[in-house]
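Okay, thanks everyone, I'll keep this brief. Have a look at the sequence and the structure, and then I'll talk through helix packing and the core.

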Amino acid sequence: MTAKNRCGRRVIYSSALDEIGRRAVASVAPGVGHALLKRLDVTDALSPTAGDAPITSPPLGRVCVRSAMDAAMFPTSLWASFSFLTRLAPARIFTSAELAASARWFPVTGLALGLLTCLPLRLGVSTEHVVFQALLYVGLMTWFSRGQHWDGMLDCLDAWGSGRQDGEGQNMLGVARLGSFGALGLLFCLLIQIIGAAHLLAAHSAAAWGVLILAPALGRAFMLVPAALLPPRRISTLGRLVAPGCTPFLALIWNAALLLVYGAFSSPRAMLVYLTAIMLVLLVLHRMARGEDGFDGDFMGFACVLSECAALAAPLI
């Protein structure tokens, strides 16, 4: 089981390292050790292994160490969303409840990513070379998000491309290997995003900038859909931690609102193309979830990247 400390370094927790983990967390912020240890007593009902019986462990959710100033500046769930999805907030440790509550802010985080990614391009970086601008747009968006959604997409494509229907495809989810379907999907999606971004940047219009800013927000809004509609896997996964905060109503409101804004910036035709594309993605995810004993965090990454591709490519069709 892994988590991140305040310095962003990965900390591995196991039953054998409980006491070491407690002392390490207590040393992070002198003077608040007792409060932290009380938070550490909260255990997660999810198992960090594939066993049937859950294993009691230090907080899989993530214990949040924050100052009074942090709490006054940002709601904890908003901070958790930025810390979880981007590099825009320092890495912290949050509880399961705080991580689940952060789902409501996923589209806001995507909107911030879009604004920050488009800022240097709007300020005039390489205005005469739209292809380079498109590469910069995709590269910055991937860097700010740590590329974690792409990793989930690659795992899903490898599992889907294997054609296994007996649940064995889940062995390909969450592993650090790249198969042929993942490699082809990576190349294809990168090309779609770069070509779509170049086309929009060449238009030099306010509507085109609106689509570029909205694409990351649409991707992170669509992440909520599989978590809201599909059952999570029985074993402990990141998707299962976030799922309690992803309700069908929340997913509907965010996606409907952003879809209407997207249609206003692009065209009704592009909006229809985008809607058709994400419905096909959802159908694929539904079939995969049935074969893989539920969804996990990789499904959310798959949904995010494919939604961004659809948003950037729809104006071309």
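So, let's start with a crossing: helix 10 and helix 13 cross in a left-handed way. Keep in mind that this is a predicted model. The angle for this pair is about 160°, and the axes are 9 Å apart. Anything over 145 degrees counts as roughly antiparallel, so that's the label helix 10 gets relative to helix 13.

Who's touching whom here? On the helix 10 side you've got, among them, Ala206, Gly210, Leu214 and Phe222, and they meet a set in helix 13 that includes Trp254, Leu258, Tyr262 and Phe265. Sort that contact by class and you get 14 nonpolar residues, two polar and no charged ones.

Now the other pair, helix 4 and helix 6. Their crossing is right-handed. They pack at about 55°, with the axes 9 Å apart, and they're therefore oblique to each other. From helix 4 it's Ser81, Phe82, Phe84 and Leu85, meeting Phe106, Val108, Thr109 and Ala112 of helix 6. By class, that contact has six nonpolar residues, two polar and no charged.

Okay, on to the core. The largest nonpolar core has 69 residues, and Phe106, Tyr137, Leu212, Tyr262 and Tyr274 have the most contacts inside it. Helix 10 supplies the largest share, 11 residues. Apart from that core there's another one, of six residues, including Trp79 and Phe94.

How values were computed
Residues numbered from 1 in each chain as written. Predicted model: local features only at pLDDT ≥ 70, side-chain atom pairs only at ≥ 80, totals over all residues. Heavy atoms only, no water. Core = buried A, V, L, I, M, F, W, Y, C linked by side-chain atoms within 4.5 Å. Buried < 20%, exposed > 50% of the residue type's maximum accessible area, 1.4 Å probe, protein only. Helix = DSSP H or I, 4+ residues; strand = E, 2+ residues; numbered from the N terminus. Axes fitted to C-alpha atoms, helices over the stretch in contact; angles between N-to-C directions. Parallel < 35°, antiparallel > 145°, perpendicular 65-115°, else oblique. Left-handed = near helix turned anticlockwise from the far one by under 90°. Contact = heavy atoms within 4.5 Å. Nonpolar A, V, L, I, M, F, W, Y, C, P; charged D, E, K, R; others polar.
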